[in-house]
Amino acid sequence: MALHTLLQQKHFEVVALLTTVTEGYDRIAMHGVRRELLERQAESIGLPLHEVRIPPQCVNPIYEARMEEALRFFYNRSVRTVAFGDIFLEDLRAYREKNLARIGMTALFPSGNAILAN
């Protein structure tokens, strides 16, 4: 939904899809979708997929460090905006915004997983 919304707006160039994958399970951390399906979905829409590997029962400091590393990779390629589609709780939204602001990025919340856009 988030990707569809962004593509309809045409205000952003979507450059990649970003998601966390739980090590050892090969599934999207929050949704349990198999990595194989994730890869096929990304391929079918023609966008590169960037996976952030996290351990099972990942604690926030590890999650934050790995996400920051991934986001800095894109920051260094001129990406300044990250869209999140599954953020409906104000505290989680504020958490995302705060973490992105630390590295000079901003958040969008159109509606799916993180999508990186210029």
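Start by selecting alanine 65, which sits in helix α3, residues 60–75 (helices are DSSP runs of H or I, at least four residues; strands are runs of E, at least two; both are numbered from the N terminus). This is a predicted model, where local features need pLDDT of at least 70, side-chain atom pairs count only at pLDDT 80 or more, and totals for chains, interfaces and linings use all residues. Residues are numbered from 1 along each chain as its sequence is written, and side-chain values use heavy atoms, with hydrogens and water left out.

Alanine 65 is partly exposed, at 46% relative accessible area (buried is under 20%, exposed over 50%, partly exposed in between, with a 1.4 Å probe and protein chains only).

Next, pick strand β1, residues 14–22: eight of its nine residues are buried, so the rest of the structure largely encloses it. Leucine 18 has histidine 50 as its bridge partner in β3. Now show β2, residues 27–28, antiparallel to β1 with two bridges, and look at glycine 24 in the β1–β2 hairpin, with its positive phi near 85 degrees.

Then colour the largest nonpolar core, 18 residues (a set of buried Ala, Val, Leu, Ile, Met, Phe, Trp, Tyr and Cys residues joined through side-chain atoms within 4.5 Å). Helix α3 gives the largest share of this core, five residues. Finish on leucine 100, whose contacts (heavy atoms within 4.5 Å) include Leu71, Phe84 and Met105, not counting residues up to four places away in sequence.

Key
Pairing = 2+ DSSP bridges.
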